[in-house]
Each structure stands twice: as structure tokens, then as C-alpha cells.
Amino acid sequence: MTHPWFGGPRPRVLAHRGLVTPADARDGIVENSFAAVAHAHSAGVRYVESDCHRTADGVVVLFHDDDLSRVTGDPRRIADVTVRELEELMTGRGGLVTLAQALDAFPTLRFNLDVKAADAATAVGAAVAPHGDRVLVTSFSDPRRTAALEAAAVAGRGIRPATSAGRSTIARVLAAHAARSDRLLARALAGVDALQVPERRGRVRLVTPRLIDAAHRHGVEVHVWTVNEADDMRRLVAMGVDGIVTDRADTALDVLG
């Protein structure tokens, strides 16, 4: 059966770290802030892609980088600051949003959560367990992804979160696909709901009509990141991809309907 996260029309527009328009950026708003998530929601987005780290006092926050330097100018690691310190740093930048706050404040949004740190995996799984019908858990690290899913299962509060493949699983999928082995492909995709990949890795094209068809045969969607140009959005959707991860969700909604 299709996981509830995938209910609704395609193509899916996934707001990458929320929505920060050029005007927002001039006002000091940054990615993964409360304001960025709120702007995506108000624009009509159904899906927000974000990232999870854990603060020194154990709070899961929506933040991409390991440290604060790029976003706030502070060189410290997120794991070394408290949530109160992080709230102060994010004042004037759109405001900090914790995972718990995001799930509570935006009950109609569906979240695509990338577990960025090993020490955050269990906490992410426990936090999303009551919201499994509207959460997809992923990570470049399959062990982190699996740990979060296991923690959600232990909490046992409802539907398991959806999940997309980590890096090692994607490598197995691509190898099976290249070998034209449907048996190996089925094994690689077992337990996976989506492939979320860039269109290319260097000179190698990952997303092709044949790969999309193969994933669809096994009930798996294909989402491409990070796509910001309207022509690329149209081309990929025409190719058959199911979702577009984009910094310009406003553009994508206009282009893709």
C-alpha cells in the first residue's frame, strides 16, 4: 500500500529548507528558519524538505550544516550550543525552529527530514513517531536513516514514517539497474519508498527515463534535487519524475501547478 505521505497529486514540490525568496534574504531571513517554513506553507507548499541536528542540551533543530558559521557567522558546532543560545543567534534571521515546533505549528505540512548527525537519529525517530503519516525520514547515511526508523518503531505510536534511500542503498540500486537485474533491484529497493537524487553526479547522469520506469515498477517514486530553473523543472517532470526539491518552491508551484 502507498504510504500516506505520498497522498495527493504529482508532481510533488518539496520546498528545500523552506522558502527564502530574494526579498526574504534581503531582510535577513535564512534557510531552515521558522519564517522560511512559514513562507513555504503560506505559498501553498505541501512538502518541506529540512535537516535535523541535535543541540548540546538534546533538542532536535532544523539546521543543515554541522556548524553555525555559514548561517550566523558563529564558528561553533550545533552540538556544542544550547537551544537557548541558538534561539538568540537566529533572532533577526527568521527565528529558530525545533523539530517539535515544526510538527506542532504546521500540522498540515508533510516533512522530508534528513538526519544529519548520528546523535540526532534516535531523537528524530521518537519525535516523528506520532506523525508518521506525514513524515519521510532520510539520510545520506543508511545507518542513521535506519536508526531513526527503528526509534520511531519502538515509540510505536502509529504509522511508520516513509523513507528514501541513503547513499549506499542508492549505489546498490544503480548497480542493479546497470546490470539490468530486476531481482537485485527489487532487493535494493526493499523497504524504500523513494529515490531522492541529483540529476547528475559530475558527468554521470543518474536520472534517466529507464531508471524512473524501473523505480516505478517497484512502487518507488523518484525525486530530484536541487532544481531551481523553470525549464529544468518542466523537463524533469516531462521525463516522469515524481517530485522536485527546490529552493524556489514559489516558482515550482507556478510552473508545475
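Predicted model: local features only at pLDDT ≥ 70, side-chain atom pairs only at ≥ 80, totals over all residues.
Residues are numbered from 1 along each chain as its sequence is written, and side-chain values use heavy atoms, with hydrogens and water left out. Local features need pLDDT of at least 70 and side-chain atom pairs count only at pLDDT 80 or more, while totals for chains, interfaces and linings use all residues.

**Cavities**

A cavity here is a set of points, on a 1 Å grid over the protein atoms alone, where a 1.4 Å probe fits but cannot get out. Lining residues have an atom within 4 Å of a point. Points are joined across faces, edges and corners, and a volume is the space filled by probe spheres set on them. A search of the whole structure finds two cavities of 30 Å³ or more.

| Cavity | Volume | Lining residues |
|---|---|---|
| Largest | about 40 Å³ | Ile170, Val173, Leu174, Leu195, Val197, Leu206, Leu211 |

Classes are simple: Ala, Val, Leu, Ile, Met, Phe, Trp, Tyr, Cys and Pro are nonpolar, Asp, Glu, Lys and Arg are charged, and the others, Gly among them, are polar. The lining of the largest cavity has seven nonpolar, no polar and no charged residues. The second largest cavity has two nonpolar, two polar and one charged. Helix α8 (167–178) gives the largest share of the largest cavity's lining, three residues. Strand β7 (194–198) supplies at least two. Helices (H or I, at least four residues) and strands (E, at least two) are DSSP runs, numbered from the N terminus.

**Helix α9**

Helix α9 spans residues 182–189. Its Leu185, Ala188 and Leu189 are buried, meaning under 20% relative accessible area with a 1.4 Å probe, protein chains only. These three lie on the same side of α9, because they cover an arc of only 90 degrees around the axis. The arc uses directions from the helix axis to the C-beta atoms. Arg183 and Arg187, on the other side, are exposed (over 50%). The cover over the buried residues includes α8, β7 and α10 (209–217). After α9 comes Gly191, with a positive phi near 80 degrees.

**Cores**

A nonpolar core joins buried Ala, Val, Leu, Ile, Met, Phe, Trp, Tyr and Cys residues through side-chain atoms within 4.5 Å. The largest has 54 residues. Leu195 and Val124 are among those with the most contacts inside it. α10 gives the most to this core, with four residues. A second, separate core of twelve residues includes Phe63 and Ile78.

Key:
1 Å grid on protein atoms, 1.4 Å probe; cavity = no way out; pocket = protein on both sides within 12 Å on 5 of 7 lines; lining within 4 Å. Contact = heavy atoms within 4.5 Å.
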